[in-house]
Amino acid sequence: SREQSSPSKEFWQAKLGGVAEVIASAQPEIVALQEIEGKQTLADIAAELKSKHQLAYRYAFIEGSDSFTEQDVGLLVRGSLINYRRLEQSKAMFDSEQFYNLSKHLVAEFRWDELDSPLTVMTVHLRATPEAEELRTRQAKLARLWLTSQLQAGEDVILLGDFNSEHAALELQSTE
């Protein structure tokens, strides 16, 4: 990220204003962001939304364990967030070699009074490069494992993020 950081304060302000404008136009309840430099980036976006668009967003951020890229994930939320956390694989998971650690992820739980079930949102940033496809698959298996209890309970779950997939999405075929 240092290599890709803004060349000037004016450039950063323009970029920040553009991101805030897009968010403000849609006014989503939850915004998941990947490849952010850190907590300050989320704080800056939230401040821009408040000052220029009168929209109040809080942010959720936990620094990832991969400090090489300085790219993390985070959430901007308007309300209903009750907790957020990072997860770590157990020694047994690691030893199984079925999984590969998710160094950049955040799991958040939301609850609304009018709904019986919580919503779990997991935002991830999987390994990049074509050579890392097998690692991404193992990372996706770990994410799925971590969401198993919510899925088995019939709760709503969203897994999203930068999957760094090298494959185009498959077209849905009509069943008619």
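This report describes a sheet, a helix and an aromatic pair in a predicted model.

The sheet is open and is formed by 4 strands in the order β4-β5-β6-β7, with mixed pairing. Its edge strands are β4 and β7, each of which pairs on one side only, and the twist from one strand to the next averages 15°. Strand β6 runs parallel to β7, and 7 bridges join the two; within β7, glycine 161 is the residue that stands opposite valine 124.

| Element | Residues |
|---|---|
| β4 | 81-85 |
| β5 | 105-110 |
| β6 | 119-125 |
| β7 | 156-162 |
| α3 | 91-96 |
| α4 | 133-146 |
| α5 | 148-152 |

Helix α4 has 14 residues, which at 1.5 Å a residue should span 20 Å, and this agrees with the 20 Å that separates its end C-alpha atoms. The buried residues of α4 are Leu135, Arg136, Arg138, Gln139, Leu142, Ala143 and Trp146. Because these buried residues fall within an arc of 160° when α4 is seen down its axis, they line one face of the helix. The cover over the buried residues of α4 includes strands β5, β6 and β7 together with helices α3 and α5.

As for aromatic rings, the count comes to 1 pair. The ring centres of phenylalanine 110 and tryptophan 112 lie 6.0 Å apart and their planes meet at 15°, so the pair is stacked, the cut-off for stacking being under 30 degrees. Both phenylalanine 110 and tryptophan 112 are buried.

Note on methods
Residues are numbered from 1 along each chain as its sequence is written. This is a predicted model: local features need pLDDT of at least 70, side-chain atom pairs count only at pLDDT 80 or more; totals for chains, interfaces and linings use all residues. Side-chain values use heavy atoms; hydrogens and water are left out. Two strands pair if DSSP finds at least two bridges between them. Axes are lines fitted to C-alpha atoms, for helices over the stretch in contact, and angles run from 0 to 180 degrees between N-to-C directions. The expected span of a helix is 1.5 Å times one less than its number of residues. Buried means under 20% relative accessible area, exposed over 50%, partly exposed in between (1.4 Å probe, protein chains only). The arc is that of the directions from the helix axis to the C-beta atoms. Contact means heavy atoms within 4.5 Å. Rings of Phe, Tyr and Trp (its six-membered ring) pair if their centres lie within 6.5 Å; planes under 30 degrees apart count as stacked, over 60 as edge-to-face and the rest as tilted.
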